[in-house]
Amino acid sequence: MYRGSQSERRCVTPAHPARQGQAHSVTCYLTMDARTDNEPVIHVFRDIDFRITSDDVLRAMKIRRVAPSLERLATELVEKANEAARPKALCRVSFIEDRTDDTLTVENQIFTSRVLRQNLEGIQRVFPFVATCGTELEHLMPDRTDLMASYCLDTIMMLAVQKARRHLEKYLKATYSLGQISRMAPGSLEDWPLQEQRPLFDLLDDVERQIGVRLTDKCLMIPIKSVSGIYFPTEVRFESCQLCSRANCPGRRAAFDAEATARYGI
Ligand code: SF4
């Protein structure tokens, strides 16, 4: 068992047998339950350990001169956040069933993206996921009129969702013996628009009930500090930022690569 995880397993079948159109009995190596390979394998994490310091928050806020009043505010909020925060994550072990030039069918859900299609060339098993800061931190500050306090809380929420995503990533690497993994998110590139959150959420099956994240009619996630996407094994690290030319993006994780963009044909 992966230490520190609070995952709920409906079934765990890391090595998926070839699909032969009929139920195939397997034994979950974690629970030793006999299951059929028709059952979805979903990992849910609702109790991820979260403990940060005010220094973590102030560093992430990137404020050069920290006034004593801000330091006090951060300390106060961090104390409450460490008590209240419940970052969460959910992931379904899924298999690619069909491919065209620019689509992939994953467990009956069709995703349209040339980049995703090419990134998943030769890959059968993928890990669609959602991770969130949780709904609990919002309640720490119902009144958002103090802009600095609001920014401070947003930063704490960002650290919480990062924690949830990294926890899931570590879990997947350890449980499925994956070396390097990369991820893609609907909405990160024009090639894979935000509307593709719909099949992703349909695939993950009642994300709101399981970890409290819902989609708005514009396909935004609530809580807003949530991330979604598909993890996949890869030999060469992939970041959507490589294919995104947006200038001065504070979240950029890799330099824009014009050659790679041309290679992907987007
Ligand atoms: S550069 Fe910024 S906008 Fe573009 S994919 Fe990266 S994080 Fe997103």
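Residues are numbered from 1 along each chain as its sequence is written. This is a predicted model, in which local features need pLDDT of at least 70, side-chain atom pairs count only at pLDDT 80 or more, and totals for chains, interfaces and linings use all residues.

**Exercise 1. Describe how α2 and α4 pack.**

Step 1: Find the helices, which are DSSP runs of H or I with at least four residues, numbered from the N terminus, while strands are runs of E with at least two. Helix α2 covers residues 68–84 and helix α4 covers residues 147–175.

Step 2: Their axes are 10 Å apart and meet at an angle of about 45 degrees. Axes here are lines fitted to C-alpha atoms, for helices over the stretch in contact, and angles run from 0 to 180 degrees between N-to-C directions.

Step 3: Angles under 35 degrees count as roughly parallel, over 145 as roughly antiparallel, 65 to 115 as roughly perpendicular and the rest as oblique. The two helices, α2 and α4, are therefore oblique to each other.

Step 4: From α2, the contact uses Leu70, Leu73, Ala74, Leu77, Val78 and Ala81, and from α4 it uses Met148, Ala149, Cys152, Leu153 and Ile156. Contact means C-beta atoms, placed from the backbone, within 7 Å.

**Exercise 2. Which strands pair with β5?**

Step 1: Strands pair if DSSP finds at least two bridges between them.

Step 2: Strand β4 (residues 41–45) is joined to β5 (residues 88–99) by five bridges, running antiparallel. Here isoleucine 42 stands opposite arginine 92.

Step 3: With β8 (residues 125–132), β5 pairs in the antiparallel sense over six bridges. Serine 94 has valine 126 as its bridge partner in β8.

Step 4: Three bridges link β5 with the antiparallel β6 (residues 103–106), and a hairpin of three residues joins β5 to β6.

**Exercise 3. Which residues are around the ligand?**

Step 1: Count a residue as near if its C-beta atom, placed from the backbone, lies within 6 Å.

Step 2: This gives Ser188, Ser240, Cys241, Cys244, Arg246, Cys249, Gly251 and Arg252.

**Exercise 4. Find the cis peptide bond and the positive phi.**

Step 1: Most residues other than glycine have a negative phi, and most peptide bonds are trans.

Step 2: The bond from isoleucine 222 to proline 223 is cis, with omega near 0 degrees. Proline 223 sits in the loop between β11 (221–222) and β12 (226–233).

Step 3: Lysine 62, not a glycine, has a positive phi of about 55 degrees. Lysine 62 lies in the loop between α1 (54–61) and α2.

Conventions: Two residues are in contact if their C-beta atoms, placed from the backbone, lie within 7 Å.
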